[in-house]
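Here is a briefing on one protein model for a reader who is new to protein structure. Please look over the sequence and the structure before reading on.

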Amino acid sequence: MDVHGTVAEGFEPVRDAFAGNFAALGDRGAAVAVYRDGRKVVDLWGGTRDVDGTEPWRRGTAQVVRSATKGVAAAVPLLLHQRGELDLDAPVGEYWPEFKAHGKERVLVRHVLNHRAGLPVLDHPLGAEDALDPLRGPRAVAAQAPVWEPGTDHGYHALTYGWLLDELVRRVTGGRGAGEWLADEIARPLELDLWVGLPAAEEAAGRAGRVGRLEEPDPGPSGNGPRLRPKRAVTEAYADPGSLTRRAFAAITPFPDQNDPAYRAAALPATNGIATADGLARFYAALIGDVDGVTRRVRLFDPATMERARAEESAGPDRVLVVGTRFGLGYMLHGSASPLLSPGSFGHPGRGGALGFADPEAGVAFGYVTNGFRKTVTADPRAQALVRAVRESLRRTGSDVDTPQT
């Protein structure tokens, strides 16, 4: 399988690992990009943009990145806070009065971002069509009672995270949802190929090779734990229809066809972001510094916001994912469930393979996208092989990083 693109001197291990993903780990179509100190040092792609193997993956092929969307969307409320428009310690109900019902008066804005809101499930799941309606999801979470006392514990809000964040942003901005705000304030200024709500023009371009087709996952979440060989407790949690694990991933039942233009056009900030590897990596590069190659050099997070994003807010056994997880404000942090470049990294994986993150100390930003679904939520072996290769490349170029302990 031919690997296309370029790597800077010293980053050859990433090319080797990327090729190895196709040879040994079953990748079908994928791309990886890495920025260092705002300059792109890795830009690789290969395979096919469709899982049938008929259309080649091209420079600029974009892909649905599933929950890697969460890290992108988290920048919106954090930047609103940075601008003085949103108080992270205020009750959500101050901005969204209808949300206060059913014991949610004490849910704070930060609880939405750190997965402590107690709202990972819906007692009445939404169907595929209703889930794409921008009004129905927020109404459903507003009508839902918490399943634990908000703020006292954490559990991954796999799908409800998106409705919580989107409606909160909409109330603060006077009508702009997270996807629209992202497009106006982040993606266009930084010239990112990244969307939460794919525009019609890009969908049309997709038929000519712009957006790849995903391999469709199993219809239910059963067995799709964080590891290819999950612990027994994880397997049992996914197999139990009454567990928080199953119920969290079943908040939309049945799940929409992720190759459907209607799904791609909807704005679901938990799950349906679409990005190129470069768009995802450059987004994270812009969180931590200026970025070369754009008309307007923009650093998104000031130092205080960056530290808020990656300061530990939740850690330990996750009531939904069962394994131990660590979260900052909207971002997964390095840990055994989601190993990143170093202990200071912050980002977010996507169920099935995608990964985006930044490491401020190393000056590194990383993006990986793929169309080959794997039964992983966090530590996909293909993404992990690439992260290890980036670590090795930094050592070769004289910029050692702390080896994370997992």
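The points below go from the whole protein to its strands and then to single residues.

This is a predicted model, in which local features need pLDDT of at least 70 and side-chain atom pairs count only at pLDDT 80 or more, while totals for chains, interfaces and linings use all residues. Residues are numbered from 1 along each chain as its sequence is written, and side-chain values use heavy atoms, with hydrogens and water left out. The protein has 15 helices and twelve strands. Helices (H or I, at least four residues) and strands (E, at least two) are DSSP runs, numbered from the N terminus.

**The whole protein**

- The C-alpha trace spans about 55 × 45 × 40 Å along its principal axes.
- Of the 406 residues, 61% count as buried. Buried means under 20% relative accessible area, exposed means over 50%, and partly exposed lies in between (1.4 Å probe, protein chains only).
- Among contacts with a separation of 6 or more, 68% join residues 24 or more positions apart. A contact means heavy atoms within 4.5 Å.
- The protein exposes about 15100 Å², and carbon and sulfur atoms supply 47% of that area. Accessible areas come from the Shrake-Rupley method with a 1.4 Å probe; for residues, only the protein chains shown count as cover.

- Strand 2 runs antiparallel to strand 3 (residues 39-47), and eight bridges join them. Two strands pair if DSSP finds at least two bridges between them.
- Strand 2 also pairs with strand 12 in the antiparallel sense, over seven bridges.
- Alanine 33 takes part in both pairings: aspartate 43 stands opposite in strand 3, and glycine 367 is the bridge partner in strand 12.
- Two residues separate strands 2 and 3 in their hairpin, where aspartate 37 has a positive phi near 50°.

**Two buried valines**

- Valine 364 is in strand 12 (residues 364-370), and valine 390 is in helix 15 (residues 381-396).
- Valine 364 counts as buried because its relative accessibility is 1%; for valine 390, also buried, the value is 0%.
- Valine 390 and phenylalanine 11 are 379 residues apart in sequence, yet their C-alpha atoms are 7.0 Å apart.

- Three strands form an open antiparallel sheet in the order 4-6-5. Strand 4 (63-64) and strand 5 (194-195) stand at the edges with a single partner strand each, so one side of each has no neighbour in the sheet.
- Strand 4 pairs with strand 6 (residues 274-275) over two bridges, and glutamine 63 has alanine 275 as its bridge partner.
- Strand 7 (residues 314-317) and strand 8 pair in the antiparallel sense over four bridges, with glycine 316 opposite threonine 325.
- Strand 8 (residues 324-327) has a covered face, Thr325 and Phe327, and an uncovered face, Gly324 and Arg326.

**Backbone details**

- Most residues other than glycine have a negative phi, and most peptide bonds are trans.
- Valine 322 has a positive phi near 75°. This residue lies in the loop between strand 7 and strand 8 and counts as partly exposed at 28% relative accessibility.
- Arginine 66 has a positive phi near 50° and counts as buried at 8% relative accessibility.
- The peptide bond from threonine 253 to proline 254 is cis, with omega near -5°. Proline 254 lies in the loop between helix 11 (244-249) and helix 12 (261-265).
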